Amino acid sequence: MMVDIVIVNWNSGSMLRECVESISRVAFNFVANVVVVDNGSVDGSDANLIFQNNNLFVRCIRAEENLGFSKACNLGASYCNSEFILFLNPDACLHQDSIDKVISFMLSDEASRVAVCGVKLLDDSGNVARSCARFPSLCTYVGHCTGLSKFFPVIFPSHFMIEFDHLSNKFVDEVIGAFFFVRRSVFDELHGFDTRYFVYFEELDFALRAKMLGWNSYYLADASAYHKGGGTSDQVKAHRLFYSLRSRMIYGFRHFSRPAAWGVVMLTMLVEPWPRLARALLRRSWQEARDTCWGYGMLWKDLPATLGKGCIDG
């Protein structure tokens, strides 16, 4: 019993039950507790989750409101006391090798300075998702917002490691939060996820802060898990865009120089909306165009609070 699993749920429907059942089916020998933090779901997905099956105890913490991902993860982790914590998305399911191979690796000499481990994530068709990323810089967002990364990837490298086939083990800057296996001692040392990020970028921020303390992130292709991708955020695409862009600007002010952080703000607010909107219109996707306008509308409205409490003063 060396792992506690934390799942943050928000209207995940049947995916949450399938996720928990996969843990019960293949990983109960290694898992001490499963903590589900429900962020005010209204679809009934949080019902009937308190059960004990195959020696697997599931605890459901009902927040009664949407705390955001980072704050909910920290809340869930406060109920954990095992050597490792796995933060697992509700739209993911474990495979037979998802836990035992990761534990074996994390206990090896090679992993003595590894804080975070991710695994090979497979979609419905069995395709391998590009789930590893590099620490971004201002050049990353210049390339992304202008499209220059497609023509000059060496100068403007993409955030996600799309050139990496994800078929081999590798030290990386970041693994995405869908399967985020963390050494508990490091999680405590960093005081968990930074709650300035409501959702998105919290795992990137965590990986960078761990790196500053001499810890690494590792991608273990020898182990795998299923991940649907998109998950519950597909229900609210405009909000997903808003929170992603907002977190990007917060990250810039937390980790870039002040001029570079303001450069990210200018690119995000003044440059990127237009190619996004043009792409939606060329596709004749009126819903995508509407979500883009709505998402940026929320971003402009929230900008004073984002720059004040979230970025500059935080």
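**Close-up views of a predicted model**

**View 1. Arg196 is partly exposed, with a relative accessible area of 29%.** Keep in mind as you look around that this is a predicted model. Arg196 has a partner here: its side chain meets that of Asp194 in a salt bridge, at 2.9 Å from N to O. Asp194 is buried, because its relative accessible area is 13% and the cut-off for buried is under 20%. Side chains of opposite charge can pair when their charged atoms come close.

**View 2. Arg62 and Asp46 join their side chains in a salt bridge.** The N to O distance is 2.9 Å. This pair links distant parts of the chain, 16 residues apart. Arg62 belongs to strand S4 (residues 56-62), while Asp46 sits in the loop between strand S2 (31-38) and strand S3 (52-53). Arg62 counts as partly exposed at 35% relative accessibility, and Asp46 counts as buried at 11%.

**View 3. Glu272 pairs with Arg276 in a salt bridge.** Their closest N and O atoms are 3.0 Å apart. Glu272 is buried at 3% relative accessibility, whereas Arg276 is partly exposed at 21%.

**View 4. Helix H7 covers residues 237-255.** From its first C-alpha to its last, this helix of 19 residues reaches 27 Å, close to the 27 Å expected at 1.5 Å a residue. The buried residues of H7 include Leu241, Leu245, Arg248 and Gly252. An α-helix has 3.6 residues a turn, so residues three or four places apart point the same way.

**View 5. Helix H4 (residues 138-146) has buried residues.** They are Thr140, Tyr141, Gly143 and Cys145. What covers them? The cover includes H7, helix H8 (258-271) and helix H9 (273-282). Just after H4, look for Gly147, which takes a positive phi of about 85°.

**View 6. A nonpolar patch lies on the surface.** Trp262, Met266, Leu270, Val271 and Trp300 form this patch, and together they have about 450 Å² of accessible area. H8 gives the most to the patch, with 4 residues. Trp300 lies in helix H10 (residues 286-312) and is partly exposed, at 44% relative accessible area.

**View 7. Lys120 has its place in strand S7 (residues 114-122).** Leaving aside residues up to four places away in sequence, Lys120 touches several others, among them Val128, His166, Tyr219 and Ser224. The C-alpha atoms of Lys120 and Met15 are separated by 19 Å, and these two residues are 105 apart along the chain.

How values were computed: Residues are numbered from 1 along each chain as its sequence is written. This is a predicted model: local features need pLDDT of at least 70, side-chain atom pairs count only at pLDDT 80 or more; totals for chains, interfaces and linings use all residues. Side-chain values use heavy atoms; hydrogens and water are left out. Helices (H or I, at least four residues) and strands (E, at least two) are DSSP runs, numbered from the N terminus. Contact means heavy atoms within 4.5 Å. The expected span of a helix is 1.5 Å times one less than its number of residues. Buried means under 20% relative accessible area, exposed over 50%, partly exposed in between (1.4 Å probe, protein chains only). Patches are made of residues with over 30% relative accessible area and no salt bridge: like charges are joined within 9 Å, nonpolar side chains (Val, Leu, Ile, Met, Phe, Trp, Tyr) within 5 Å. Accessible areas come from the Shrake-Rupley method with a 1.4 Å probe; for residues, only the protein chains shown count as cover. A salt bridge is a side-chain nitrogen of Lys or Arg within 4 Å of a carboxyl oxygen of Asp or Glu.
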